[in-house]
Amino acid sequence: MNKKLQEITDETIKELSKLEIVLPEIYTGIFFAKAKELNIEIDEQDKEQALTYALKKIQDMKYATEESASTLKTHIQKARTAIIQKNDVALKSIEDAVTALEKKIIDLQENLYIDELTQNYNRRWMYEKFLNIEKFKQNGLFAFIDIDNFKSVNDNYGHLTGDKVLKMIGSLLRKVENASAIRFAGDEFILISSDYNLNKLSRLLEMIKHNLKATNLKHEDKIFNVSFSFGIIKYTKDANFKEIFKKADDLMYKNKKSKQ
């Protein structure tokens, strides 16, 4: 299965994981909505491959979760016995086992919160970390970032090269200290921070953009450059996410049009 199709499927799985009941119609609806969001055409063969992949991945996660829950239950029972018997050796063994289990659970959580391609946080993590029912939990800055002419990168140099560009930009944004870098969708990223003022974060993103644009990227014998546009807006606690997103999006498009 190609990477774009896998990306749509993974995003669909993450949306499905929020639901208690999943029907085939719900899966199909979310899947095609994600495909449309990423501007990717899907045929019947792609849909069948994606469904097979999704079912396997959901089943693997289900087994891993059930196994972890069962293991934890066993450790709790052993701990009770060890406490009653005052068996320090058994308690130490249980402590080590629980520590290992905690790591496994963290790995499972990362599978839900980390974008597989770029290794940035995904939108689900952002919703849970910063929002409470569509409203921000605290004050901060919201930067919306969109790669310029990304479709032409895919069209001229191929999707594998496009993936490399996404990984590179994702990595650059992750290096911004005291900020959370999120891959929102396709070639769109978000930075959220409460440790910068608007001018400082704007200057920082301008510097990253300038250095990126000055870097020659190579595909076979062709040299090309990439850049991005961004919009930054300050938000306050209880501000509506959709309203803040819309304002940042509008500022990003103004930034993009100013280059034309």
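Visitor: In which helix is the place of methionine 252, and which residues does that helix cover?

Guide: Happy to take you there. Methionine 252 has its place in helix α9, which covers residues 241-257; helices (H or I, at least four residues) and strands (E, at least two) are DSSP runs numbered from the N terminus. Before we go on, please keep in mind that this is a predicted model, in which local features need pLDDT of at least 70 and side-chain atom pairs count only at pLDDT 80 or more, while totals for chains, interfaces and linings use all residues. Residues are numbered from 1 along each chain as its sequence is written, and side-chain values use heavy atoms, with hydrogens and water left out.

Methionine 252 is buried, with a relative accessible area of 0% (buried means under 20%, exposed over 50% and partly exposed in between, for a 1.4 Å probe and protein chains only). If we set aside neighbours within four places in sequence, methionine 252 is in contact, meaning heavy atoms within 4.5 Å, with Phe144, Asp146, Ser229, Phe230 and Gly231. The C-alpha atom of methionine 252 is separated by 7.0 Å from that of isoleucine 145, although these two residues are 107 residues apart along the chain.

One of those contacts leads us into the sheet. Aspartate 146 belongs to strand β4, residues 140-147, and is itself buried, at a relative accessible area of 9%. Beyond four places in sequence, aspartate 146 meets Asp187, Glu188, Phe228, Ser229, Met252 and Lys256. The C-alpha atoms of aspartate 146 and serine 229 are 5.4 Å from each other, with 83 residues separating the two along the chain.

Now let us step back to see the sheet itself. It is an open sheet of 5 strands with mixed pairing, in the order β1-β5-β6-β4-β9; two strands pair if DSSP finds at least two bridges between them. At the edges stand β1 (121-122) and β9 (228-235), and since each has a single partner strand, one side of each is left without a neighbour in the sheet.

Of its 6 residues, 6 are buried, so β5 is largely enclosed by the rest of the structure. β5 runs parallel to β1, joined to it by 2 bridges, and asparagine 122 has arginine 183 of β5 as its bridge partner. With β6, on the other hand, the pairing is antiparallel: β5 (residues 180-185) and β6 (residues 188-193) share 5 bridges. Serine 180 stands opposite isoleucine 192, and alanine 181 has leucine 191 as its bridge partner. The hairpin of β5 and β6 has 2 residues between the strands, and there glycine 186 takes a positive phi near 55°.

Strand β6 also holds serine 193, which counts as buried at 4% relative accessibility. Leaving aside residues up to four places away in sequence, serine 193 contacts Gly140, Leu141, Asn178 and Ala179.

Helix α7, residues 159-174, lies across β4, β5 and β6, and runs at about 5° to β6; axes are lines fitted to C-alpha atoms, for helices over the stretch in contact, and angles run from 0 to 180 degrees between N-to-C directions. α7 packs with helix α8 (residues 198-213) at an angle of about 145°, their axes being 11 Å apart. The residues making this contact are Met168, Ile169, Leu172 and Leu173 from α7, together with Leu205, Ile208 and Leu212 from α8.

Lysine 209 is also placed in α8, and at 9% relative accessibility it counts as buried. Not counting residues up to four places away in sequence, lysine 209 touches Ser227, Phe228, Phe230, Asn255 and Lys259.

To finish, here is the wider setting. The protein chain has 9 helices and 9 strands, and buried residues make up 42% of its 260 residues. Among contacts with a separation of 6 or more, 66% come from residues 24 or more positions apart.
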